[in-house]
Protein chains: 4
Amino acid sequence: MNRSPLNGRRIRLGMVGGGEGAYIGGIHRFAARLDDQYELVAGAFDVDAERGHRFATQNYIAPERSYSDYATMAQFEAARADGIDVVAICTPNFTHFPIAKTFLEAGIDVICEKPLTTTLQDAEALAEVVSQTGRFLGVTYTYSGYPLIVEARARVQAGLIGKVRTVQVEYPLEWMATGVELKNNQQAAWRVDPQKNGRGGSIGDIGTHAYHLAGYVTGLKAESVAADLATFVEGRALDDNAHVLIRYEGGARGMLWSSQVAIGCSNALRLRVYGETGSLTWAQEQPNELIYTSLEGYTQIIKRGRDDLDAITRARTRTPPGHPEGYIEAFTNLYSGFAAALRARDEQRAISGIGALIPQIHDGLKGVAFVDAVVDSHQQGTVWKQPKYR
Amino acid sequence: MNRSPLNGRRIRLGMVGGGEGAYIGGIHRFAARLDDQYELVAGAFDVDAERGHRFATQNYIAPERSYSDYATMAQFEAARADGIDVVAICTPNFTHFPIAKTFLEAGIDVICEKPLTTTLQDAEALAEVVSQTGRFLGVTYTYSGYPLIVEARARVQAGLIGKVRTVQVEYPLEWMATGVELKNNQQAAWRVDPQKNGRGGSIGDIGTHAYHLAGYVTGLKAESVAADLATFVEGRALDDNAHVLIRYEGGARGMLWSSQVAIGCSNALRLRVYGETGSLTWAQEQPNELIYTSLEGYTQIIKRGRDDLDAITRARTRTPPGHPEGYIEAFTNLYSGFAAALRARDEQRAISGIGALIPQIHDGLKGVAFVDAVVDSHQQGTVWKQPKYR
Amino acid sequence: MNRSPLNGRRIRLGMVGGGEGAYIGGIHRFAARLDDQYELVAGAFDVDAERGHRFATQNYIAPERSYSDYATMAQFEAARADGIDVVAICTPNFTHFPIAKTFLEAGIDVICEKPLTTTLQDAEALAEVVSQTGRFLGVTYTYSGYPLIVEARARVQAGLIGKVRTVQVEYPLEWMATGVELKNNQQAAWRVDPQKNGRGGSIGDIGTHAYHLAGYVTGLKAESVAADLATFVEGRALDDNAHVLIRYEGGARGMLWSSQVAIGCSNALRLRVYGETGSLTWAQEQPNELIYTSLEGYTQIIKRGRDDLDAITRARTRTPPGHPEGYIEAFTNLYSGFAAALRARDEQRAISGIGALIPQIHDGLKGVAFVDAVVDSHQQGTVWKQPKYR
Amino acid sequence: MNRSPLNGRRIRLGMVGGGEGAYIGGIHRFAARLDDQYELVAGAFDVDAERGHRFATQNYIAPERSYSDYATMAQFEAARADGIDVVAICTPNFTHFPIAKTFLEAGIDVICEKPLTTTLQDAEALAEVVSQTGRFLGVTYTYSGYPLIVEARARVQAGLIGKVRTVQVEYPLEWMATGVELKNNQQAAWRVDPQKNGRGGSIGDIGTHAYHLAGYVTGLKAESVAADLATFVEGRALDDNAHVLIRYEGGARGMLWSSQVAIGCSNALRLRVYGETGSLTWAQEQPNELIYTSLEGYTQIIKRGRDDLDAITRARTRTPPGHPEGYIEAFTNLYSGFAAALRARDEQRAISGIGALIPQIHDGLKGVAFVDAVVDSHQQGTVWKQPKYR
């Protein structure tokens, strides 16, 4: 592989999965386009090759770069002088590992959906591949892309709320409150299948987001977890509701709730962090506000877009206060962060600005290890278990 | 003891504790006055007798009915033809038992603060006294006095949200985020003393409120609890933060958080109940709204005071929608409920209306048993424990 | 008339109107009881004397002090050594004048509902009576009883938001969105009758509240008003929606909206004041929070009950932050304020604390003059009109 | 001019203004990119040509298509076979007219910022050019791009809230609360200059947005307006606060407030529409929720992204409920709507889907006529004035 420098040009992006009827693939494309950092030039969009080709045409992909399978795509793109610089993997969990491995070994960087893999062995093997190939692997822990999450992290690190005591994080959803997997909902179908989704149900699908966010903002590492999983919709082999207690290194305590059956919760990820001298609260559905309360009891609404936010936050916002930004912008922050990281590597510079703090392989590994510890704890009677990676 | 019928007159109320500088005693008096069901005619307001007498004078209590100690008060009031019908106990937890016992045995009904007692043995002994004397004992689980909590209960019972799956309840406070007990704050001082507060810190003081509320609204009984307690402010002998997992009979799961150190949380009791076909959410700081979401995803704001609320709710509201009611009104609902219960007994009628669903001795017993199970679970490594009374 | 000093005893209260089926009378009684400043001992509760007597009995009024008409009541109570100190007038607007006049001339102080009278002549005549008799007349501009309104006033006076530029105040209701006056709703029936309600419909009934609140908080006097009134429900002789522009002395501008037909608005009084260096926002349906934003853009939530509020606010609050207070507590603040004023007069002291800033005769006069100016402006084509009293 | 069909390719976009340090130009580019409907291929980005060329290079514009002035750009682009299809005008108000005229007459379609022009004569002249050339002119009334605004419009049209009675619309901002125009803020400088901004200050800059939104959602036409303008920051020649009463055809009434000096208001556009049988409320800062209340008093939160929204809404949303969308997505909806309109014209099809209901020349004309009527009304003493175009 021999690529021209990234400087002065857009990064060439390929995509596996994410074709017709897919959800997250479209979000990846919005995120790739918004800041004009990428151009989508190749893809293996669908397991149904014909449908994939049709989709490629609609997306202005040259016919010869619409591939019937990912392996061929990796091989041919690696061989082209103008081949893709990076591939986005937007397929169900169980396929992340072989696809990522293939591209990394072909010398192509990877942007991968979470959870990284369905088993800890796979995650460890993938980490080994990343290490051996020296390639980049970004993981789309979307919510760490929100500017006020980065602001919360910066303020916690700066000591604004003092030593963290308690972390309350939750991620409830409602769309799987009934057996939608039996009603032709493909998004749901693979999520309830342990082979495709991994050992955790809600805890793998969304609990990992919540866990990542809590660690991202506080900087704390989990020492052990104790969990109580439940499956409310009949016929499911995986949890659709998870209650987890967390003990962090240094004495902080956490409580994590994930649910796929919480009616009324569209995408109600929420993080609250309480420290010795203050607290911070953020809710994904109102992402343009961060609530800070000082020990003296003053409650302040911190608004995205304001001038006195951290530089790291300002690098992640595009509109002034009062002009709401949302999910696509958060996702774009990850994509543009990945782009910044790739450009920095290309130019042998340190990563900075929007490229700082992006989720990479270790974050992916931590997520899978968390699911393992949670499921083990539950199966053994809510005993305390230590995640292997933290 | 020989009392005139309650019909056509106000109930005569006495009070133990609640004098100068007290907090909850004042609330009891507001609650007793608002609906004009009681007249406060006697009291042993203070362990400092002189201060107590001064307070009595300011509150229009006849000098001969301002007592230096509760035992004398019980004796003399029981002997008067116009003696008090009921006594309100507004003292620290560890004194509830002897005071309540004394009045009950003197033939006087009791309204008692929660938690009922500091030990399960005391609670059981008190239940025995209630049973033997046949007297009334109401417990001020304040939050069950809120009209929309009663509405939530009615709707859950009517099947609006289907079988309950998950209960998320929390009661965080901020006022003990630092060692205020060392700075002359008497309210805090006894709360951190196991002899005076009982085995639980935050879990006893406020966790019991949360636990009661969850059971009150859902009608569910806890099968077992698993807990992780923490003490964040140095020098405290009791928890100031408690994380509890709950398994309810029938399979529902619960998560309970109580904290005395959560900066930003004034009195942030919140209950969310998720069932098979809907959910209900209520927050004590915005008590005039109950949020209902149906399985179809329609989110509706149910407002206190509207015509189509349950009769049981309408009996507990005094103003039209949009005219906010709050904490004192909720407390009044308990007091007026106790009055209704006393009048019903006096007239050998069934209790109805505002007198229905009031917390009594069994609720008190359940609360103390919950604290015991939680502390045992924590001390034994977060094992599952069954509360003795449920 | 010869009354014992008020010191050391409750104030004796009488009531005209407010009997069975009445709404505001009940609120007056709650407000009189909550702080234990009054005892209700006499009344002419109903134009239907028998119904009034029944109501009196239920309210523990001695039979000889339940009167068939207000004139008799004034005469007899004035003659009793233990006669009422003050009377609350809870009748439809058009009767305020003769009743208030009768009691004042009998030497009895008055608490009167707003608007004071239905015509400006009556209001002026009443002011003359007050002046000649030297009696007290308090007007229940309820919303000025909310603690955070008093706090807002104190902060504006202290210069927190600088010179006021713009005042946005609104008071929309929904309950008269259809012709409820034709469906046996007596509350509505007199409100649409110019003889009983006065020249203004919504502007008289609720617009006066909004106008009073804006003036109360800002301290500004209206220089002129320009109005556009509308009547949306067929058959009404008065406005049920009013849009008013206000020019205040000194250059500030105001916008006032009152409506009785705004579906979705339970009691949605809201005040926003913008100054040169900050702003304050308060909404009656969430009365425990006052939102302050500084010129620098920091938005702070000021919570009722906090320690650093003005003394004048703390005198008006009974519970800690997070324990919501509402409408009845606000009303009580007026009643206890009236009591403080009466006691101060009795003891020839200056009024202070909760007795400060209570609405009296001049506030009543201003309200009626405002309605006059608004209706004149509208009738003359939205020309600017100056209210006679400001 | 001779362009290849738009089918199967991206629309070629040029831009005038919007270079370094500009605000709205960046938003136009985000909006052009997000849905992949456009490619930006040419521009005259800056009055400082060198700075403009530098900006062009950074944005991957071919050097020969970075122009030093708009006239040259129009001439050369019109001449190229692969010339731009449409130009976006992102310059201060007073330049809209000559630029738009130039491109339209060169045969190039136009996307123009609002207000369309600074004088009504210019607006009329531009409408004449549009009419004579037959070209497309889209106006970026941004807020009509929000999906729930389109939903509100659809529901009002479908009769959900019955005949509209009252419209409350407001658009307050805070950023010009002090004389920022004197402190090197170029965005502010031209906005306070009548030559560059037109006759209206806040009313032209943001009041026109509010006015457009109210008409868009209700379908009502203003019959007359009465206004009170104020200038609070010394030295300004234009209003920075405007209060406007509106009478709509058919009897509905409106109240409009625009302000550039309302501290605490980031971008607080808000619309409330009250009809005979219901109401709808929407706030730009929480754009993913639309509040509906029925006559019966049920308040429902309508969430963007839900399945049962109107098709016209679903065409304007990219993420599921709970995944917030914001300002850039709203702007994109206009851009993609313009694209849909251009493609439909190209293929001689009717406009549908996201192309429906986009703001065009008549909307621009209406906005300028509104400013004229408002300023006339104010200058003549708040008399009622009829806008020339409605």
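**Figure 1. The contact between chain B and chain C.** In this predicted model, the contact draws 23 residues from chain B and 23 residues from chain C, two residues being in contact if their C-beta atoms, placed from the backbone, lie within 7 Å. On the side of chain B that touches chain C, α1 (24–34) and α11 (327–346) of chain B each supply at least two residues; helices (H or I, at least four residues) and strands (E, at least two) are DSSP runs, numbered from the N terminus. Sorted by class, the side of chain B that touches chain C holds nine nonpolar, six polar and eight charged residues, where Ala, Val, Leu, Ile, Met, Phe, Trp, Tyr, Cys and Pro count as nonpolar, Asp, Glu, Lys and Arg as charged, and the others, Gly among them, as polar. Residues are numbered from 1 along each chain as its sequence is written, and chains are lettered from A, with ligands numbered from 1, in the order in which they are written. As the model is predicted, local features need pLDDT of at least 70 and side-chain atom pairs count only at pLDDT 80 or more, while totals for chains, interfaces and linings use all residues.

**Figure 2. The contact between chain A and chain B.** Here 28 residues from chain A meet 28 residues from chain B. The strands β6 (164–172), β7 (222–230), β8 (241–248), β9 (253–259) and β11 (278–283) of chain A each supply at least two residues of the side of chain A that touches chain B, and β9(A) gives the largest share of that side, four residues. By class, the side of chain A that touches chain B comprises 13 nonpolar, 12 polar and three charged residues.

Figure 3. Chain A is divided into domain 1 (11–139) and domain 2 (143–319 + 361–379), with bounds that come from an automatic or database domain assignment. The C-alpha centres of domain 1 of chain A and domain 2 of chain A lie 26 Å apart, and 17 residues of domain 1 of chain A are in contact with 17 residues of domain 2 of chain A. On the side of domain 1 of chain A that touches domain 2 of chain A, α5 (120–133) and β5 (137–139) of chain A each supply at least two residues, and α5(A) gives the most, with four residues. That side of domain 1 of chain A has 12 nonpolar, four polar and one charged residue.

**Figure 4. A parallel strand pair in chain C.** Strand β1 (residues 11–17) of chain C pairs with β2(C) in the parallel sense over six bridges, two strands being paired if DSSP finds at least two bridges between them. C:Leu13 has C:Leu40, in β2(C), as its bridge partner. Six of the seven residues of strand β2 (residues 38–44) of chain C are buried, so this strand is largely enclosed by the rest of the structure; a residue is buried if 20 or more other C-beta atoms lie within 10 Å of its own, exposed if 12 or fewer, and partly exposed in between, with C-beta atoms placed from the backbone.

**Figure 5. Strand β13 of chain C and its partners.** Strand β13 (residues 299–303) of chain A and strand β13 (residues 299–303) of chain C run antiparallel and are joined by three bridges, with A:Gln300 standing opposite C:Gln300 in β13(C). Within chain C, strand β12 (residues 289–294) pairs with β13(C) in the antiparallel sense over five bridges, and C:Glu289 stands opposite C:Lys303. β12(C) and β13(C) form a hairpin with four residues between them, and C:Gly297 in the turn has a positive phi of about 100 degrees.

**Figure 6. Backbone details in chain B.** Most residues other than glycine have a negative phi, and most peptide bonds are trans. A cis peptide bond, with omega of about -10 degrees, joins B:Lys114 and B:Pro115, and B:Pro115 lies in the loop between β4 (109–112) and α5 (120–133) of chain B. B:Thr382, whose phi is positive and near 65 degrees, lies in the segment after α12 of chain B and is buried, with 25 other C-beta atoms within 10 Å.
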